Amino acid sequence: MLEVKNIFCERDERILFSEFSFTLNEGEVLQIEGQNGSGKTTLLRILCHLTEAFEGNIFWHGQNVEHSREVFYHALLYVGHLSGVKGVLTAKENLIWMSQLDTALDRISITGALKKVGLFGYEDVPCHTLSAGQQRRVGLARLYLSSAPLWILDEPFTALDKKGVAEKETLIAQHVQAGGCVILTTHHNLNIPGTDVRKINLDECLTT
Amino acid sequence: MSFFLAALRRDLLLTFRRRNDIINPLAFFLMVGVLFPLGVSPEASLLAQLAPGVVWVAALLASLLSVDGIFRSDFDDGSLEHMLVSPRSLLLLVLAKVTTHWLISGFCLALVSPVLALMLFLPNEGFAPLVFSLLLGTPTLSLIGAIGAALTVGLRKGGILISLLVLPLYIPVLIFGASSVQAGSIGLPIQGYLALLAAMLVLSIVLAPFAIVAALKISVRS
């Protein structure tokens, strides 16, 4: 589904990737590993075309993303390092806005999704009064609503408790069994039932 | 269109939840009106002469003060990244943001400008030209200001840079806006000035959104 060819990226006169390529097929989970500063977030931003500072090509179903961004963005769910959750809006208002931005989100089941992430009773509370983990959950509620085949998640488990992490792992398993694919960065040991997680270690990439 | 309305609703909601965003430009605007006579001279004839320029300069600076915040919070909390990976039209989104900025700055300033004009002894004939010229001129200020805000949103301290970038472009609006009030207050026709302000508005509505979107992409993607 997703094909990444010969990525080259340099930052602050340090080469992060050189001739970096990989292919991601349906039903695969790819975990990007590496030390702090090894370029995990940069790689995800390159995949989403959120940065221009790279060379190389990315293909989605054989089409160059450069020329068919809209098609690619329809198929993409991106949960960034910063969650994009507005503190002055309530959890529900945040998700309603996210579903306006992301056409693949199901607007009808927002209340249900908030219940699933454990925020039942907090729908109408301004998000700045929630804890860091709860705010993270508001952003991650999108995973329950999205019908996009490709998920790109940057450190999705930060500030989540053990139960929350296990729930998200089950959700990722369901997503890949339905034919989707997931790319994520995390320092956590992934345990996704029924799926082998492919790993790319960016520290090793650099030395080879 | 429904996306534009949804974006507008969100931005207005965000603004109403942070009330000082609304109060700041208005307070600044009115403070100039209160302090200016104290600093210069309380003499009515002198103030009446200066009033058109003072009110317009105050409106321009009040609009400039708040323009920095158009994209700031969305950049800081990651919302802007999500907007850029959205298949939705960024032009509509940007127009909604600029409209919100105009509603809380320019539109409100135009509504309270008669109070300021009264404090500065502007002749009665100048009131209508003042309100109309502000209504026509301030949207242009918001649109031009948003280009500067989009270019500097990635910098920690972009405030001064915005002023340097956009003030030269504000000058034509200021000249024709203040001249229309001056002409109106001595009974001369003002249609020509208003037509020019309208022309600048049309030009910036058509062109500025493209520049703002391009500038936002540069700021986020660099």
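Modeller: In this predicted model, helix α3 (residues 44-67) of chain B packs with helix α6 (residues 90-119) of chain B at an angle of about 155°, and their axes are 10 Å apart. Angles over 145 degrees count as roughly antiparallel, and α3(B) and α6(B) are therefore roughly antiparallel to each other. The crossing in which α3(B) passes α6(B) is right-handed. On the side of α3(B), the contact is made by Ala51(B), Val55(B), Ala59(B), Ala62(B), Ser63(B), Ser66(B) and Val67(B). These meet His101(B), Ser105(B), Gly106(B), Leu109(B), Ser113(B), Leu116(B) and Ala117(B) in α6(B). Of the residues in this contact of α3(B) with α6(B), eight are nonpolar and six polar, with no charged residue.

The sheet to consider is in chain A. Five strands form an open sheet there in the order β6-β7-β8-β3-β9, with parallel pairing. Its edges are β6 (76-79) and β9 (197-201) of chain A, each of which pairs on one side only. On average, neighbouring strands of this sheet are turned by 15° against each other, direction ignored. Five bridges join strand β3 (residues 29-33) of chain A to β9(A) in the parallel sense. Within this pairing, Leu30(A) has Arg198(A) of β9(A) as its bridge partner. Helix α7 (residues 162-177) of chain A lies across β3, β7 (150-154) and β8 (181-185) of chain A, and α7(A) runs at about 145° to β8(A).

Conventions
Residues numbered from 1 in each chain as written. Chains lettered and ligands numbered in written order. Predicted model: local features only at pLDDT ≥ 70, side-chain atom pairs only at ≥ 80, totals over all residues. Pairing = 2+ DSSP bridges. Helix = DSSP H or I, 4+ residues; strand = E, 2+ residues; numbered from the N terminus. Axes fitted to C-alpha atoms, helices over the stretch in contact; angles between N-to-C directions. Contact = placed C-beta atoms within 7 Å. Parallel < 35°, antiparallel > 145°, perpendicular 65-115°, else oblique. Left-handed = near helix turned anticlockwise from the far one by under 90°. Nonpolar A, V, L, I, M, F, W, Y, C, P; charged D, E, K, R; others polar.
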